[in-house]
Amino acid sequence: MSETWGPGALFGITPRDGDLTNWFAAVRTPAGGAGTVHELRARFGDWHRSVRDVLDRLDPAEVLHHDLYESPALPSYVRGTTALIGDAAHAMTPNLGRGACEAMVDGVTLATLLTEHPVIEALGRYDRARRRRTQRLVRTSRTVARVATATRLTGVRNAVVGTAVRFA
Ligand SMILES: Cc1cc2nc3c(=O)[nH]c(=O)nc-3n(C[C@H](O)[C@H](O)[C@H](O)COP(=O)(O)OP(=O)(O)OC[C@H]3O[C@@H](n4cnc5c(N)ncnc54)[C@H](O)[C@@H]3O)c2cc1C
């Protein structure tokens, strides 16, 4: 299991059941782009052995490519009797691995409040309970994304993160 940060890009490898490997790559680049296996190999082909092993075994038909977007900071997750939960409220970059977790917390929080309070009051409480916290996570995740795919000062980044990891 690893996540490797290079200049302007990252590559992650995680285990999967059934003798399979899950992998992901992110590149700081303008929206769009083909994200083809050819591009992946050109971009990551000189990274370390584990990355090259994954690239060697890729089935092009199974590679998914998407641009990543995050939500603007909404002034409220509630309007009238409508409430936003999950990515509709606070889509974030995947760098903290928290988007789906927070979507579930939203759902449980909202359901619990609706069993305890009248609808309008429950929605107000939901907004107060969840908005500030999830918007903070959006910002933190964005910061991690920027650091992980930094294009400048990567030597300083690597030294600081390397030291922090050694003492963690
Ligand atoms: C690369 C990547 C890695 C991630 N890794 C993690 C991770 O490790 N851990 C984690 O917690 N989160 C992770 N996330 C985030 C996570 O995937 C999302 O936060 C989560 O899926 C949000 O759930 P959701 O139900 O709010 O939205 P979605 O999963 O987007 O579900 C919304 C659904 O609504 C459907 N829909 C849209 N419009 C309509 C319509 N008009 N009518 C009917 N249906 C409609 C869509 O098709 C979709 O199925 C990752 C995200 C990405 C992109």
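Analyst: Phenylalanine 44 has a relative accessible area of 0% and is buried. The model is a predicted one.

User: Why is phenylalanine 44 called buried?

Analyst: Buried means under 20% relative accessible area. Phenylalanine 44 has 0%, so the term buried applies.

User: Is tryptophan 23 buried or partly exposed?

Analyst: Tryptophan 23 has a relative accessibility of 21%.

User: What makes phenylalanine 11 and tryptophan 23 a stacked pair?

Analyst: Two values are needed here. The ring centres of phenylalanine 11 and tryptophan 23 lie 5.6 Å apart, with 10 degrees between the planes. Rings pair if their centres lie within 6.5 Å, and planes under 30 degrees apart count as stacked.

User: Why is the pair of phenylalanine 11 and phenylalanine 44 called edge-to-face?

Analyst: The centres of phenylalanine 11 and phenylalanine 44 are 5.2 Å apart, and the angle between their planes is 65 degrees. An angle over 60 degrees counts as edge-to-face, so this pair receives that term. Phenylalanine 11 lies in strand β2 and phenylalanine 44 in helix α1, 33 residues apart. Phe11, Trp23, Phe44 and Trp47 form one aromatic cluster.

User: How do you know that aspartate 106 and arginine 130 form a salt bridge?

Analyst: The distance from N to O between these side chains is 2.7 Å. A salt bridge requires a side-chain nitrogen of Lys or Arg within 4 Å of a carboxyl oxygen of Asp or Glu, so the pair qualifies. Aspartate 106 lies in helix α4 and arginine 130 in helix α5, so the pair ties together parts 24 residues apart in sequence. Aspartate 106 is buried at 0%, and arginine 130 is buried at 3%.

User: What makes the contact of arginine 133 with glutamate 102 a salt bridge?

Analyst: The N to O distance is 3.9 Å. The limit is within 4 Å, so the contact counts as a salt bridge. Arginine 133 is in helix α5 and glutamate 102 in helix α4, 31 residues apart. Arginine 133 has a relative accessible area of 36% and is partly exposed, whereas glutamate 102 counts as buried at 3%.

User: Which residues are linked in a network of salt bridges?

Analyst: The network links Arg98, Glu102, Asp106, Arg130 and Arg133. The structure holds 7 salt bridges.

Conventions: Residues are numbered from 1 along each chain as its sequence is written. This is a predicted model: local features need pLDDT of at least 70, side-chain atom pairs count only at pLDDT 80 or more; totals for chains, interfaces and linings use all residues. Side-chain values use heavy atoms; hydrogens and water are left out. Helices (H or I, at least four residues) and strands (E, at least two) are DSSP runs, numbered from the N terminus. Buried means under 20% relative accessible area, exposed over 50%, partly exposed in between (1.4 Å probe, protein chains only). Rings of Phe, Tyr and Trp (its six-membered ring) pair if their centres lie within 6.5 Å; planes under 30 degrees apart count as stacked, over 60 as edge-to-face and the rest as tilted.
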